[in-house]
Amino acid sequence: MGVSFEQARTAKPAPEIAPVPTAGSRAMSLKFEIQPATNPTSEKERAARLVDPGFGRIFTDHMAVVRYNQAKGWHGARVESRANFPLDPAAAVLHYAQEIFEGLKAYQRNDGGVNLFRPDANARRFWNSAERMAMAPLPEPVFIEAVEQLVRIDRAWLPGGEGSLYLRPFMIASEVFLGVKPSAEYIFAVIASPVGSYFKGGPAPVSIWVSENYTRAAIGGTGAVKCGGNYAASLRAQAEAIDRGCDQVVFLDAVERRYIEELGGMNVFFVFDDGSLLTPPLGTILPGITRDSIIALAKDSGTRVREETYTIDQWRADAGSGKLKEAFACGTAAVISPIGKVCSASGDFLISGGAAGPVAMGLRKKLIDIQYGRAADPHNWIRKVL
Ligand SMILES: Cc1ncc(COP(=O)(O)O)c(C=O)c1O
(Lines give C-alpha, C1' and ligand atoms only; values in the text may rest on other atoms or scores of the structure.)
Protein backbone atom coordinates (compact mmCIF):
# COMPACT_ATOMS: atom_id res chain seq x y z
CA MET A 1 0.00 0.00 0.00
CA GLY A 2 1.22 3.49 -0.80
CA VAL A 3 2.03 6.15 1.78
CA SER A 4 -0.30 9.15 1.70
CA PHE A 5 1.11 12.64 1.38
CA GLU A 6 0.04 13.45 4.95
CA GLN A 7 1.70 10.30 6.35
CA ALA A 8 4.81 10.96 4.34
CA ARG A 9 4.89 14.64 5.17
CA THR A 10 4.79 14.08 8.89
CA ALA A 11 7.16 11.08 8.92
CA LYS A 12 10.46 11.53 10.71
CA PRO A 13 13.28 12.32 8.27
CA ALA A 14 16.02 9.72 7.82
CA PRO A 15 19.05 10.33 10.04
CA GLU A 16 21.32 12.80 8.31
CA ILE A 17 25.02 12.55 7.71
CA ALA A 18 26.75 14.07 10.71
CA PRO A 19 27.71 17.67 9.93
CA VAL A 20 31.33 18.63 9.72
CA PRO A 21 32.25 19.66 13.26
CA THR A 22 32.68 23.38 13.83
CA ALA A 23 35.70 24.81 15.57
CA GLY A 24 33.53 27.26 17.49
CA SER A 25 30.13 27.48 19.04
CA ARG A 26 26.95 28.70 17.40
CA ALA A 27 27.45 32.02 19.22
CA MET A 28 31.09 32.50 18.18
CA SER A 29 32.03 35.87 16.64
CA LEU A 30 35.00 37.00 14.55
CA LYS A 31 36.65 40.36 14.00
CA PHE A 32 36.58 41.42 10.35
CA GLU A 33 39.66 42.98 8.77
CA ILE A 34 38.45 45.81 6.51
CA GLN A 35 40.43 46.40 3.31
CA PRO A 36 38.64 49.06 1.22
CA ALA A 37 38.84 48.70 -2.58
CA THR A 38 41.78 50.66 -4.00
CA ASN A 39 39.94 51.45 -7.24
CA PRO A 40 36.21 51.75 -6.39
CA THR A 41 33.56 52.72 -8.95
CA SER A 42 33.44 56.48 -9.51
CA GLU A 43 30.49 58.42 -8.13
CA LYS A 44 29.38 59.30 -11.66
CA GLU A 45 29.49 55.69 -12.86
CA ARG A 46 27.70 54.46 -9.74
CA ALA A 47 24.92 57.04 -10.20
CA ALA A 48 24.52 55.92 -13.83
CA ARG A 49 24.22 52.25 -12.83
CA LEU A 50 21.70 53.06 -10.11
CA VAL A 51 19.27 54.77 -12.49
CA ASP A 52 17.64 51.48 -13.47
CA PRO A 53 19.38 48.70 -11.55
CA GLY A 54 16.92 45.89 -12.41
CA PHE A 55 17.44 42.79 -10.27
CA GLY A 56 20.77 41.07 -9.60
CA ARG A 57 22.68 42.55 -12.52
CA ILE A 58 24.92 45.17 -10.91
CA PHE A 59 27.13 44.74 -7.88
CA THR A 60 28.86 46.87 -5.28
CA ASP A 61 32.62 47.34 -4.87
CA HIS A 62 33.21 44.99 -1.94
CA MET A 63 32.52 41.53 -0.59
CA ALA A 64 32.85 39.89 2.82
CA VAL A 65 34.74 36.58 2.97
CA VAL A 66 35.34 34.07 5.76
CA ARG A 67 37.11 30.73 5.34
CA TYR A 68 36.84 27.39 7.07
CA ASN A 69 39.19 24.48 7.39
CA GLN A 70 39.34 21.71 9.93
CA ALA A 71 42.54 22.93 11.58
CA LYS A 72 41.54 26.58 12.05
CA GLY A 73 37.74 26.44 11.99
CA TRP A 74 36.22 29.71 10.75
CA HIS A 75 38.97 32.25 10.21
CA GLY A 76 40.32 35.02 7.98
CA ALA A 77 37.19 37.23 8.15
CA ARG A 78 37.68 40.11 5.73
CA VAL A 79 35.82 42.76 3.82
CA GLU A 80 37.73 43.38 0.62
CA SER A 81 37.45 44.40 -3.00
CA ARG A 82 34.90 42.29 -4.90
CA ALA A 83 36.95 39.93 -7.05
CA ASN A 84 37.00 36.47 -8.63
CA PHE A 85 37.71 33.48 -6.39
CA PRO A 86 40.67 31.36 -7.41
CA LEU A 87 38.98 27.93 -7.47
CA ASP A 88 40.73 24.67 -8.24
CA PRO A 89 38.90 22.69 -10.99
CA ALA A 90 38.59 19.82 -8.49
CA ALA A 91 36.87 21.96 -5.82
CA ALA A 92 34.02 19.88 -4.39
CA VAL A 93 31.31 22.46 -5.14
CA LEU A 94 31.97 22.14 -8.87
CA HIS A 95 31.24 18.41 -8.80
CA TYR A 96 28.82 17.63 -5.99
CA ALA A 97 27.05 20.99 -5.58
CA GLN A 98 27.72 21.39 -1.87
CA GLU A 99 26.50 24.98 -1.86
CA ILE A 100 23.97 27.03 0.12
CA PHE A 101 22.87 30.64 0.03
CA GLU A 102 20.61 33.26 1.54
CA GLY A 103 18.85 36.41 0.37
CA LEU A 104 17.99 39.50 2.41
CA LYS A 105 17.79 43.23 1.85
CA ALA A 106 19.00 46.51 3.32
CA TYR A 107 16.53 49.42 3.11
CA GLN A 108 17.24 53.14 3.29
CA ARG A 109 15.14 54.99 5.86
CA ASN A 110 13.84 58.53 5.34
CA ASP A 111 16.34 59.78 7.93
CA GLY A 112 19.20 58.43 5.76
CA GLY A 113 19.89 55.44 8.02
CA VAL A 114 19.82 51.82 6.87
CA ASN A 115 17.65 48.90 8.09
CA LEU A 116 18.15 45.17 7.76
CA PHE A 117 15.02 43.04 8.01
CA ARG A 118 15.30 39.95 10.26
CA PRO A 119 18.93 39.08 9.44
CA ASP A 120 18.93 36.77 12.48
CA ALA A 121 16.29 34.64 10.75
CA ASN A 122 18.45 34.37 7.64
CA ALA A 123 21.46 33.45 9.80
CA ARG A 124 19.44 30.69 11.46
CA ARG A 125 18.17 29.33 8.16
CA PHE A 126 21.74 29.41 6.80
CA TRP A 127 22.87 27.34 9.79
CA ASN A 128 20.07 24.83 9.13
CA SER A 129 20.93 24.69 5.43
CA ALA A 130 24.58 23.99 6.28
CA GLU A 131 23.60 21.17 8.64
CA ARG A 132 21.36 19.54 6.02
CA MET A 133 24.10 19.75 3.40
CA ALA A 134 26.75 18.38 5.80
CA MET A 135 28.67 21.66 5.60
CA ALA A 136 30.40 23.49 8.46
CA PRO A 137 27.62 25.63 9.97
CA LEU A 138 28.51 29.31 10.21
CA PRO A 139 28.01 30.87 13.68
CA GLU A 140 25.09 33.30 13.45
CA PRO A 141 27.01 36.37 14.77
CA VAL A 142 29.60 35.90 11.99
CA PHE A 143 26.85 35.80 9.36
CA ILE A 144 25.27 39.00 10.72
CA GLU A 145 28.58 40.83 11.13
CA ALA A 146 29.60 39.98 7.54
CA VAL A 147 26.31 41.36 6.22
CA GLU A 148 26.49 44.51 8.35
CA GLN A 149 30.11 45.28 7.49
CA LEU A 150 29.36 44.95 3.78
CA VAL A 151 26.32 47.24 4.02
CA ARG A 152 28.38 49.83 5.91
CA ILE A 153 31.24 49.94 3.43
CA ASP A 154 28.95 49.92 0.36
CA ARG A 155 26.17 52.14 1.72
CA ALA A 156 26.59 54.59 -1.19
CA TRP A 157 25.16 51.83 -3.42
CA LEU A 158 21.78 51.86 -1.69
CA PRO A 159 19.24 53.08 -4.22
CA GLY A 160 16.71 55.60 -2.93
CA GLY A 161 12.93 55.30 -3.24
CA GLU A 162 11.50 51.78 -3.30
CA GLY A 163 14.87 50.29 -4.25
CA SER A 164 17.02 48.31 -1.82
CA LEU A 165 20.38 46.60 -1.51
CA TYR A 166 19.94 42.85 -2.05
CA LEU A 167 22.46 40.88 -0.01
CA ARG A 168 23.54 37.43 -1.07
CA PRO A 169 25.41 35.41 1.58
CA PHE A 170 26.58 32.04 0.25
CA MET A 171 28.91 29.19 1.07
CA ILE A 172 30.79 26.81 -1.22
CA ALA A 173 32.72 23.59 -0.62
CA SER A 174 36.27 24.39 -1.66
CA GLU A 175 38.23 21.25 -0.78
CA VAL A 176 40.26 19.91 -3.70
CA PHE A 177 39.23 16.27 -3.74
CA LEU A 178 37.19 14.13 -6.13
CA GLY A 179 35.36 11.98 -3.63
CA VAL A 180 31.72 12.05 -2.55
CA LYS A 181 32.05 13.18 1.06
CA PRO A 182 31.49 16.40 3.01
CA SER A 183 34.20 18.89 2.06
CA ALA A 184 36.77 19.71 4.73
CA GLU A 185 37.08 23.33 3.53
CA TYR A 186 34.55 26.07 2.83
CA ILE A 187 34.40 29.66 1.65
CA PHE A 188 31.60 31.85 3.00
CA ALA A 189 31.05 35.16 1.23
CA VAL A 190 28.52 37.98 1.00
CA ILE A 191 28.02 40.08 -2.12
CA ALA A 192 25.57 42.94 -2.61
CA SER A 193 23.43 44.05 -5.54
CA PRO A 194 21.37 47.27 -5.69
CA VAL A 195 17.89 46.36 -6.93
CA GLY A 196 14.74 47.98 -8.19
CA SER A 197 11.59 45.93 -8.49
CA TYR A 198 11.80 42.12 -8.89
CA PHE A 199 8.99 41.54 -11.37
CA LYS A 200 8.76 43.70 -14.46
CA GLY A 201 5.83 46.00 -13.82
CA GLY A 202 6.21 46.02 -10.00
CA PRO A 203 3.42 44.48 -7.91
CA ALA A 204 1.05 43.94 -10.85
CA PRO A 205 -0.63 40.50 -10.70
CA VAL A 206 1.52 37.61 -11.95
CA SER A 207 0.45 34.53 -13.86
CA ILE A 208 1.67 31.14 -12.72
CA TRP A 209 2.06 27.77 -14.42
CA VAL A 210 1.20 24.60 -12.47
CA SER A 211 4.07 22.16 -12.99
CA GLU A 212 2.69 18.69 -13.57
CA ASN A 213 5.83 17.25 -15.16
CA TYR A 214 8.36 18.30 -12.55
CA THR A 215 8.43 18.45 -8.75
CA ARG A 216 10.66 20.59 -6.56
CA ALA A 217 11.11 18.67 -3.34
CA ALA A 218 10.49 15.24 -1.88
CA ILE A 219 10.08 14.27 1.75
CA GLY A 220 13.55 13.70 3.20
CA GLY A 221 15.05 15.80 0.41
CA THR A 222 16.39 19.33 0.50
CA GLY A 223 13.27 21.42 -0.20
CA ALA A 224 13.29 23.02 3.25
CA VAL A 225 16.81 24.41 2.87
CA LYS A 226 18.31 26.93 0.52
CA CYS A 227 20.82 24.96 -1.55
CA GLY A 228 21.70 25.86 -5.12
CA GLY A 229 20.76 22.40 -6.38
CA ASN A 230 17.07 23.05 -5.62
CA TYR A 231 17.14 25.97 -8.02
CA ALA A 232 19.07 24.16 -10.76
CA ALA A 233 16.38 21.46 -10.61
CA SER A 234 13.60 24.04 -10.90
CA LEU A 235 14.86 25.78 -14.04
CA ARG A 236 13.29 23.38 -16.52
CA ALA A 237 9.86 23.86 -14.91
CA GLN A 238 10.36 27.64 -14.88
CA ALA A 239 11.29 27.51 -18.57
CA GLU A 240 8.06 25.60 -19.20
CA ALA A 241 6.15 28.39 -17.39
CA ILE A 242 7.76 31.05 -19.59
CA ASP A 243 6.99 28.95 -22.69
CA ARG A 244 3.33 28.95 -21.65
CA GLY A 245 3.37 32.73 -21.31
CA CYS A 246 3.45 32.67 -17.47
CA ASP A 247 5.71 34.60 -15.09
CA GLN A 248 6.40 31.89 -12.52
CA VAL A 249 5.97 28.18 -11.83
CA VAL A 250 4.06 26.64 -8.89
CA PHE A 251 5.01 23.15 -7.72
CA LEU A 252 2.80 20.37 -6.42
CA ASP A 253 3.81 17.78 -3.81
CA ALA A 254 5.97 14.93 -5.11
CA VAL A 255 3.84 12.12 -3.62
CA GLU A 256 0.27 12.69 -4.77
CA ARG A 257 0.92 15.53 -7.20
CA ARG A 258 -2.06 17.56 -6.04
CA TYR A 259 -1.12 19.62 -2.98
CA ILE A 260 0.17 23.14 -3.66
CA GLU A 261 3.68 23.58 -2.31
CA GLU A 262 5.32 26.84 -3.42
CA LEU A 263 6.59 28.80 -6.40
CA GLY A 264 10.11 28.43 -7.77
CA GLY A 265 11.31 31.19 -5.46
CA MET A 266 8.35 32.27 -3.35
CA ASN A 267 5.81 30.92 -0.85
CA VAL A 268 2.10 31.17 -1.52
CA PHE A 269 -0.99 32.35 0.38
CA PHE A 270 -4.73 32.06 -0.28
CA VAL A 271 -7.38 34.53 0.93
CA PHE A 272 -10.97 33.34 1.48
CA ASP A 273 -14.35 35.08 1.55
CA ASP A 274 -14.47 34.88 5.38
CA GLY A 275 -11.25 36.93 5.47
CA SER A 276 -9.07 34.00 6.59
CA LEU A 277 -5.69 33.10 5.09
CA LEU A 278 -4.27 29.69 4.24
CA THR A 279 -0.68 28.81 3.40
CA PRO A 280 0.83 25.35 2.78
CA PRO A 281 2.47 23.84 5.89
CA LEU A 282 6.23 23.63 6.41
CA GLY A 283 7.96 20.34 5.66
CA THR A 284 9.20 20.17 2.09
CA ILE A 285 8.88 23.90 1.32
CA LEU A 286 11.34 26.65 2.16
CA PRO A 287 10.40 28.27 5.50
CA GLY A 288 10.19 31.77 4.04
CA ILE A 289 10.94 34.71 6.30
CA THR A 290 8.36 36.78 4.40
CA ARG A 291 5.85 33.94 4.90
CA ASP A 292 6.53 33.92 8.63
CA SER A 293 6.25 37.72 8.81
CA ILE A 294 2.93 37.74 6.93
CA ILE A 295 1.51 35.10 9.27
CA ALA A 296 2.51 37.28 12.25
CA LEU A 297 1.13 40.52 10.74
CA ALA A 298 -2.14 38.87 9.75
CA LYS A 299 -2.57 37.37 13.23
CA ASP A 300 -1.77 40.78 14.79
CA SER A 301 -4.82 42.19 13.05
CA GLY A 302 -7.05 39.31 14.18
CA THR A 303 -7.01 37.40 10.87
CA ARG A 304 -7.27 33.62 11.11
CA VAL A 305 -4.29 31.95 9.42
CA ARG A 306 -4.24 28.23 8.70
CA GLU A 307 -1.05 26.37 7.75
CA GLU A 308 -2.80 23.54 5.93
CA THR A 309 -2.63 21.56 2.74
CA TYR A 310 -4.63 22.81 -0.25
CA THR A 311 -5.07 20.98 -3.54
CA ILE A 312 -4.95 22.38 -7.04
CA ASP A 313 -8.48 21.02 -7.66
CA GLN A 314 -9.79 22.85 -4.58
CA TRP A 315 -8.02 26.01 -5.71
CA ARG A 316 -9.73 25.83 -9.07
CA ALA A 317 -13.13 25.08 -7.49
CA ASP A 318 -12.82 27.87 -4.90
CA ALA A 319 -11.76 30.40 -7.54
CA GLY A 320 -14.80 29.38 -9.59
CA SER A 321 -17.30 29.53 -6.71
CA GLY A 322 -16.01 32.84 -5.39
CA LYS A 323 -14.96 31.30 -2.05
CA LEU A 324 -11.37 32.21 -2.88
CA LYS A 325 -10.95 35.95 -3.05
CA GLU A 326 -7.21 36.32 -3.61
CA ALA A 327 -3.97 34.41 -3.92
CA PHE A 328 -0.50 35.87 -3.62
CA ALA A 329 3.14 34.85 -3.65
CA CYS A 330 5.70 36.19 -1.20
CA GLY A 331 9.44 36.33 -0.74
CA THR A 332 12.28 38.75 0.02
CA ALA A 333 12.90 39.71 -3.59
CA ALA A 334 9.36 40.70 -4.61
CA VAL A 335 7.80 41.02 -1.10
CA ILE A 336 4.21 40.21 -2.15
CA SER A 337 3.00 39.57 -5.68
CA PRO A 338 -0.72 39.06 -6.28
CA ILE A 339 -1.49 36.00 -8.43
CA GLY A 340 -3.95 36.98 -11.15
CA LYS A 341 -4.04 33.88 -13.34
CA VAL A 342 -3.30 30.19 -12.91
CA CYS A 343 -2.48 28.16 -16.03
CA SER A 344 -2.22 24.38 -16.28
CA ALA A 345 -2.40 21.61 -18.86
CA SER A 346 -6.07 21.16 -17.91
CA GLY A 347 -7.02 24.81 -18.41
CA ASP A 348 -6.57 28.30 -16.98
CA PHE A 349 -8.50 30.23 -14.34
CA LEU A 350 -8.47 33.77 -12.99
CA ILE A 351 -8.34 34.92 -9.37
CA SER A 352 -10.19 38.08 -8.32
CA GLY A 353 -10.81 38.76 -12.00
CA GLY A 354 -7.05 38.86 -12.60
CA ALA A 355 -6.64 42.02 -10.53
CA ALA A 356 -4.54 42.72 -7.42
CA GLY A 357 -6.64 42.17 -4.29
CA PRO A 358 -6.88 44.45 -1.25
CA VAL A 359 -5.60 41.89 1.27
CA ALA A 360 -2.39 41.21 -0.68
CA MET A 361 -1.79 44.89 -1.31
CA GLY A 362 -2.59 45.81 2.30
CA LEU A 363 -0.19 43.24 3.73
CA ARG A 364 2.43 44.31 1.20
CA LYS A 365 2.21 47.92 2.34
CA LYS A 366 2.32 46.93 6.02
CA LEU A 367 5.45 44.88 5.51
CA ILE A 368 7.24 47.40 3.30
CA ASP A 369 6.46 50.24 5.73
CA ILE A 370 8.11 48.26 8.54
CA GLN A 371 11.11 47.39 6.34
CA TYR A 372 11.72 51.04 5.39
CA GLY A 373 11.16 52.23 8.97
CA ARG A 374 7.96 54.11 8.09
CA ALA A 375 5.82 52.11 10.55
CA ALA A 376 6.21 50.78 14.08
CA ASP A 377 8.10 47.49 14.41
CA PRO A 378 6.13 45.55 17.05
CA HIS A 379 8.07 42.29 16.54
CA ASN A 380 11.57 43.82 16.68
CA TRP A 381 12.35 42.69 13.15
CA ILE A 382 14.45 45.71 12.19
CA ARG A 383 18.16 45.90 12.82
CA LYS A 384 19.55 49.37 12.25
CA VAL A 385 22.95 49.11 10.60
CA LEU A 386 23.42 52.83 10.16
C1 LIG B 1 11.86 28.33 -2.99
C2 LIG B 1 11.61 29.56 -2.20
N3 LIG B 1 10.51 29.66 -1.45
C4 LIG B 1 10.24 30.73 -0.71
C5 LIG B 1 11.10 31.81 -0.69
C6 LIG B 1 10.79 33.00 0.17
O7 LIG B 1 11.66 33.06 1.26
P8 LIG B 1 11.97 34.44 1.98
O9 LIG B 1 10.66 35.03 2.34
O10 LIG B 1 12.78 34.07 3.17
O11 LIG B 1 12.72 35.26 0.99
C12 LIG B 1 12.27 31.78 -1.46
C13 LIG B 1 13.19 32.91 -1.47
O14 LIG B 1 14.17 32.89 -0.82
C15 LIG B 1 12.54 30.62 -2.22
O16 LIG B 1 13.64 30.54 -2.96
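Author: The model shown is predicted. Asn 230 belongs to helix H6, which covers residues 228-232. Is Asn 230 buried or exposed? Its relative accessibility is 5%, and buried means under 20%, so Asn 230 counts as buried.

Next comes the ligand. The shell around the ligand holds 16 residues, and those that come nearest are Lys 226, Tyr 231, Glu 262, Thr 290 and Thr 332. Sorted by class, the shell has seven polar, five nonpolar and four charged residues. Two elements, helix H8 (289-300) and strand E15 (324-331), each supply at least two residues of this shell.

Tyr 231 has a polar side-chain atom 2.5 Å from an oxygen atom of the ligand. For Thr 290, a polar side-chain atom also lies 2.5 Å from a ligand oxygen. Ile 289 takes part through its backbone instead: a backbone N or O atom lies 2.8 Å from an oxygen atom of the ligand. As for cover, the ligand taken alone exposes 390 Å², and the protein buries 95% of that.

The aromatic rings are a separate topic. How many aromatic pairs does a search of the whole structure find? The search finds 15. One of them joins Phe 126 and Phe 143: the ring centres are 5.3 Å apart and the planes meet at 50°, so the pair is tilted. The cut-offs explain the label, because planes under 30 degrees apart count as stacked and those over 60 as edge-to-face, with the rest tilted. The pair links distant parts of the chain, since Phe 126 is in helix H4 (residues 119-132) and Phe 143, 17 residues apart from it, is in helix H5 (residues 140-153). Phe 126 has 0% relative accessibility and so counts as buried. Phe 143 is buried too, with a relative accessible area of 0%.

Elsewhere, one aromatic cluster is formed by Phe 270, Phe 272, Tyr 310, Trp 315 and Phe 349. Arg 82 lies over the face of Phe 59, at 4.4 Å from the ring centre. Arg 46 is placed over the face of Trp 157, at 5.9 Å from the ring centre.

Definitions and conventions: Residues numbered from 1 in each chain as written. Predicted model: local features only at pLDDT ≥ 70, side-chain atom pairs only at ≥ 80, totals over all residues. Heavy atoms only, no water. Near = heavy atom within 4 Å. Polar contact = N/O pair within 3.5 Å; in protein donor to acceptor, adjacent residues only side chain to side chain. Areas by Shrake-Rupley, 256 points an atom, 1.4 Å probe, with all protein chains shown as cover. Helix = DSSP H or I, 4+ residues; strand = E, 2+ residues; numbered from the N terminus. Nonpolar A, V, L, I, M, F, W, Y, C, P; charged D, E, K, R; others polar. Phe/Tyr/Trp six-rings, centres within 6.5 Å; stacked < 30°, edge-to-face > 60°. Buried < 20%, exposed > 50% of the residue type's maximum accessible area, 1.4 Å probe, protein only. Lys NZ or Arg CZ within 6 Å of the ring centre and 35° of its normal.
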